[in-house]
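Here's a quick briefing on the model below. Have it open in your viewer as you go through the notes.

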Amino acid sequence: MAEKRGRTLAEKVWDEHTVRRGEGAEPDVLFIDLHLVHEVTSPQAFDGLRLAGRQVRRPDLTIATEDHNVPTVDIELPIADPVSKTQVDTLRKNCEEFGVRLHPMGDAEQGIVHVIGPQLGLTQPGMTVVCGDSHTSTHGAFGAMAFGIGTSEVEHVLATQTLPLRPFKTMAINVEGTLRPGVTAKDVILAVIAKIGTGGGQGYVLEYRGSAIESLSMEARMTICNMSIEAGARAGMIAPDETTFEYLEGRPHAPQGKQWDEAVAAWRELRTDADAQFDAEVTIDADALTPFVTWGTNPGQGLPLGESVPDPEQLGDESAKFAAEKALSYMDLEPGTPLREIAVDTVFLGSCTNGRIEDLRAAADVLRGRKVADSVRMLVVPGSMRVRKTAEQEGLDKVFVDAGAEWRQAGCSMCLGMNPDQLEPGERSASTSNRNFEGRQGKGGRTHLVSPLVAAATAVRGTLASPEDL
Amino acid sequence: MEPITEHTGIGVPLRRSNVDTDQIIPAVYLKRVSRTGFEDGLFAAWRGDEQFVLNVEPFDRGTVLVAGPDFGTGSSREHAVWALMNYGFRVVISSRFADIFRGNAGKQGLVAAQCSPDDVELLWKILENDPGTEVTVDLAEKTVRAKDFSAPFEIDDYTRWRLMEGLDDIALTLRHADDIAEFERGRPAHKPVTLPAAQSQ
């Protein structure tokens, strides 16, 4: 383009990583700074390398962990499910053979791949980060271009440390104003998805901006970027600022000394220019937001907790109506039922969306001195072993156990039910995870997505609730 | 990857929108370490229903899936593409695909053909009124045909070219190995590495 205009944050990071511009319909070749690997989407990729006689080009930019199907109890025993065990063993063999650093089950740094990257200081502003997992968008909270890829692309990155890609379109999500007490990052992102829809972000990288975003902690920003994929987007980003630098300084892989100063100077340039243009813009009024929960079977089917189950007849187009009818039938809900009257059997606190220390602290503050209702089972699954250790140092484990919740080891757990942590058919959960798809948490299970505060209050009351209901 | 320029097979109408990858293949079926055998998990939750389209003759022999908008949303699992292909599908037609699914499909040789919502509706009617109707997807012409119905579909030109030539992405990128090496030499020193210095390049 001859016309010179400013660039968005996403465009700047893209440009800095372009090894080669594509000609015509050909994609660009994009360099990848960090490749995160886990047991589910990697075995076929390593196998492909072996078949072609290829090596991992940059083991020093690659790191692996076991998270998706590890058990969260009795982790000192062999994994009971033989198929899960094979997958984990395969990862161990592959990492050994190809020289990739691995944090296995039981290791002090093991955890959900999107929790450990930031925790180790490996995720930094302006980087390109990929993983065979759609929630890789989490790392965009640091001003990185981070996105999920399929197994063929995992193999491609292992072999070449690059990906052939066309640039993404850009969308600004302006969240202006001040969040009320009790309204969290989770409520913001659920409201964004309800507004633009599960397909609204397709082809875009979202940049979250505005005063409400700037006031959030790094962990809250990760919650928001994490669920960009639930709006259909490739990635979500937030420009790095003092909050970002403060979080990173002193972490194991953060730059040190002179390199730290150089890095911060470079990171300060990572902002959308005033004269840059987004391909689309959406604005959300932060002052008007209240706790948000989902009622249906996709993350866009959500409403403020104070409302009632919608009547499909009242929904706009035929497709939305049809989808809502199917969802209500699966969820076993009647139109007009106040959301606060929906009773749950299970509360799940954890996942790459809400399994970090601040999430655990927020839920523990609600549960301190209270009891989980007799009708409810509550699982607390820290996002990483380090989160678990920190929580124990702060006595949060005792708060959860005293309230009647189960205190587990780290992993993805009931977010996707690949390990034994699953809902039974017909069971209903309030879950701090990211997907309420049919059967996601176990065949026939029904999921309501909520924030950690709503999860904790719901556990106490037995029906969907916020702390102010207690 | 096998080159594919045209495919003809029985069309299967799947009247659902937002068919996410957890529906295409639930997580409990993702534990294999091979690329084959995933057909048993395809639409597992729905296959128990006798009325489900893949349980009905002749749709069980279908190779062209015609689905509602936002097909393949959610998880990045390429197993969704493997499950469809292991079952026998060669083409999915929808009015809108999730980005990661579309990318994964292109890598494996599954054609993700994007038609207008009206054309998808017309195709559904044809397939429902006359089960067993064959659908032809022509990559050279970028058209979908069934009986006297013919409509254009969209697919990006690069993916179309790779599908028609049957080219391996990694080999294509490795033609630029010198560019990659040069880029690596220019990376800022403050970028992190995962391994201790002794093991790094």
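A:Cys415 counts as buried because 29 C-beta neighbours sit inside 10 Å; the cut-offs are 20 or more other C-beta atoms within 10 Å for buried, 12 or fewer for exposed, and partly exposed in between, with C-beta atoms placed from the backbone. Keep in mind that this is a predicted model, where local features need pLDDT of at least 70, side-chain atom pairs count only at pLDDT 80 or more, and totals for chains, interfaces and linings use all residues. Residues are numbered from 1 along each chain as its sequence is written, while chains are lettered from A and ligands numbered from 1 in the order in which they are written.

**The annotated cysteines**

- A:Cys415 is located in the loop between β17 and β18 of chain A; helices (H or I, at least four residues) and strands (E, at least two) are DSSP runs, numbered from the N terminus.
- Leaving out residues up to four places away in sequence, A:Cys415 touches A:Gly350, A:Ser351, A:Ser433 and A:Asn434; contact here means C-beta atoms, placed from the backbone, within 7 Å.
- A:Cys412 is also placed in the loop between β17 and β18 of chain A, and it counts as buried with 33 C-beta neighbours inside 10 Å.
- Not counting residues up to four places away in sequence, the contacts of A:Cys412 are A:Asp67, A:His68, A:Ile112, A:Ser351 and A:Met418.
- An unreviewed UniProt entry puts a "binding site" annotation on A:Cys352, A:Cys412 and A:Cys415; such positions are given in the numbering used here, feature names are shortened, and annotations may be inferred rather than shown by experiment.

**Backbone spots to check**

- A:Ser351 has a positive phi of about 90° although it is not a glycine.
- This serine is found in helix α12 (residues 351-354) of chain A and is buried, with 28 other C-beta atoms within 10 Å.
- A:Asp74 also has a positive phi, near 50°, and is a residue other than glycine.
- You'll find A:Asp74 in the loop between β4 (62-65) and α3 (82-98) of chain A, where it is exposed, with 10 other C-beta atoms within 10 Å.
- Over in chain B, a cis peptide bond joins B:Glu57 and B:Pro58, with omega about -5°.
- B:Pro58 belongs to the loop between α2 (44-47) and β2 (64-67) of chain B.

**A parallel sheet in chain A**

- Five strands of chain A make an open sheet in the order β17-β16-β15-β18-β19, with parallel pairing; two strands pair if DSSP finds at least two bridges between them.
- At the edges are β17 (406-407) and β19 (446-449) of chain A, each pairing on one side only.
- Four bridges connect β15 (residues 346-349) with β16 (residues 377-380) in chain A.
- Across that pairing, A:Phe348 has A:Leu379 as its bridge partner, and A:Leu349 stands opposite A:Val380.
- Two bridges, again in the parallel sense, link β16(A) and β17(A); there, A:Leu379 is partnered with A:Glu406.
- Helix α16 (residues 452-461) of chain A lies across β15, β16 and β18 (428-431), running at about 150° to β15(A); axes are lines fitted to C-alpha atoms, for helices over the stretch in contact, and angles run from 0 to 180 degrees between N-to-C directions.

**Where the chains meet**

- In total, 66 residues of chain A are in contact with 52 residues of chain B.
- Helix α5 (residues 151-160) of chain A supplies the largest share of the chain A side, six residues.

**Chain B**

- Chain B has eight helices and seven strands, and buried residues make up 45% of its 201 residues.
- Its C-alpha atoms fill a box of roughly 65 × 40 × 25 Å, taken along the principal axes.
- UniProt (unreviewed entry) places the feature "domain: Aconitase A/isopropylmalate dehydratase small subunit swivel" at residues 1-113 of chain B.
- The end C-alpha atoms of residues 1-113 of chain B lie 18 Å apart, and the span is 24% helix and 18% strand.

Key:
Two residues are in contact if their C-beta atoms, placed from the backbone, lie within 7 Å.
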